[in-house]
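The following account leads a new reader through one protein model, from its overall make-up to individual residues. Please keep the sequence and the structure in view while reading.

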Amino acid sequence: MSDVAHEGTSGGPPEAEDTSWRQRYWKKNLRLMITLLAIWFTVSFGFGILLIEPLNNIVILGFPLGLWFAQQGSIYVFVILILVYALWMDRIDDEFGVAERNDEGGYK
């Protein structure tokens with residue numbers, strides 16, 4: 001992340017450097033996003049729209065399960081997926097050395 005500041009201040013063309021880590025970083029990021037979006041799509045569209053009738057035969061605490069997924073379940077899953085994405089991206093950022101946190105856990 002610090003190389004962005006150096007590229008604009010040198011005045012000349014950027015030096016040739018190994019940017020393969022950026023491709024690996026982006027590939028991991030895309031794989032994570034696609035996986036999490038597929039889970040959310042399955043829960044919101046699959047359970048909340050396509051499978052609502054069969055799921056309504058299952059009653060939990062007096063509420064049909066299909067209705068719960070259509071009304072609240074997909075929102076809960078989405079919030080959980082946001083948390084999973086943030087935590088997983090922190091790990092990926094640490095792996096590639098681009099974390100925004102300092103040693104004390106705060107932000108730079």
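**A guided reading of the model**

Of the 108 residues in the protein, 21% are buried. The model under discussion is a predicted one. Its accessible surface amounts to about 8400 Å², and carbon and sulfur atoms account for 65% of that area. The protein contains four helices and two strands, and along the sequence these elements follow the pattern α-α-α-β-β-α.

UniProt, in an unreviewed entry, places the feature "transmembrane region" at residues 32–52 and 58–88. In the model, the span 32–52 is 95% helix and 0% strand, and its end C-alpha atoms lie 27 Å apart. The span 58–88 is 77% helix and 13% strand, with 33 Å between its end C-alpha atoms.

Helix H2 covers residues 20–50, and a loop holding Leu-51 lies between it and helix H3, which covers residues 52–56. Leu-51 has a relative accessible area of 38% and is therefore partly exposed. Together with Phe-41, Phe-45, Ile-49 and Leu-50, Leu-51 makes a nonpolar surface patch of about 490 Å².

Ser-44 also belongs to helix H2. Its relative accessible area is 22%, so Ser-44 counts as partly exposed. When neighbours within four places in sequence are set aside, Ser-44 is in contact with Ile-49 and Ser-74. Ile-49 is one of the residues of the nonpolar patch, whereas Ser-74 is among the buried residues of helix H4. A further relation leads from Ser-44 to Phe-69: the two are 25 residues apart in sequence, and their C-alpha atoms are 7.0 Å apart in space.

Between H3 and H4 the reader meets the two strands. Strand E1 comprises residues 59–60 and strand E2 residues 63–64. Leu-61 is found in the loop between E1 and E2. With a relative accessible area of 81%, Leu-61 is exposed. Its phi is near 55°, a positive value in a residue other than glycine.

Helix H4 runs over residues 65–96 and bends by about 55° at Gln-72. Which residues of H4 are buried? They are Leu-65, Gly-66, Phe-69, Gly-73, Ser-74, Val-77, Leu-81, Met-89, Ile-92, Asp-93 and Phe-96. Against which elements do the buried residues of H4 pack? Their partners are H2, H3, strand E1 and strand E2. Just after H4, Gly-97 adopts a positive phi of about 75°.

Trp-68 is another residue of helix H4. Its relative accessible area of 32% makes Trp-68 partly exposed. Residues up to four places away in sequence not being counted, Trp-68 touches Gly-73 and Tyr-76. Gly-73 is one of the buried residues of H4. The C-alpha atom of Trp-68 is separated by 8.0 Å from that of Gly-48, although the two residues are 20 apart along the chain.

Arg-22 has its place in helix H2 and, at 31% relative accessibility, is counted as partly exposed. Arg-22 and Phe-96 are 74 residues apart in sequence, while their C-alpha atoms are 8.7 Å apart in space. Phe-96 is included among the buried residues of H4.

The other pair is a matter of charge. Side chains of opposite charge can pair when their charged atoms come close. How many salt bridges does the structure hold? It holds one. This salt bridge is formed by Glu-95 with Lys-28, and the closest N and O atoms are 2.7 Å apart. The pair links distant parts of the chain, since Glu-95 is in helix H4 and Lys-28 in helix H2, 67 residues apart. Is Lys-28 buried, exposed or partly exposed? Lys-28 is partly exposed, because its relative accessible area is 28%.

Technical notes. Residues are numbered from 1 along each chain as its sequence is written. This is a predicted model: local features need pLDDT of at least 70, side-chain atom pairs count only at pLDDT 80 or more; totals for chains, interfaces and linings use all residues. Side-chain values use heavy atoms; hydrogens and water are left out. Patches are made of residues with over 30% relative accessible area and no salt bridge: like charges are joined within 9 Å, nonpolar side chains (Val, Leu, Ile, Met, Phe, Trp, Tyr) within 5 Å. Accessible areas come from the Shrake-Rupley method with a 1.4 Å probe; for residues, only the protein chains shown count as cover. A salt bridge is a side-chain nitrogen of Lys or Arg within 4 Å of a carboxyl oxygen of Asp or Glu. Buried means under 20% relative accessible area, exposed over 50%, partly exposed in between (1.4 Å probe, protein chains only). UniProt positions are given in the numbering used here, feature names are shortened, and annotations may be inferred rather than shown by experiment. Contact means heavy atoms within 4.5 Å. The bend at a residue is the angle between axes fitted to the seven residues ending there and the seven starting there.
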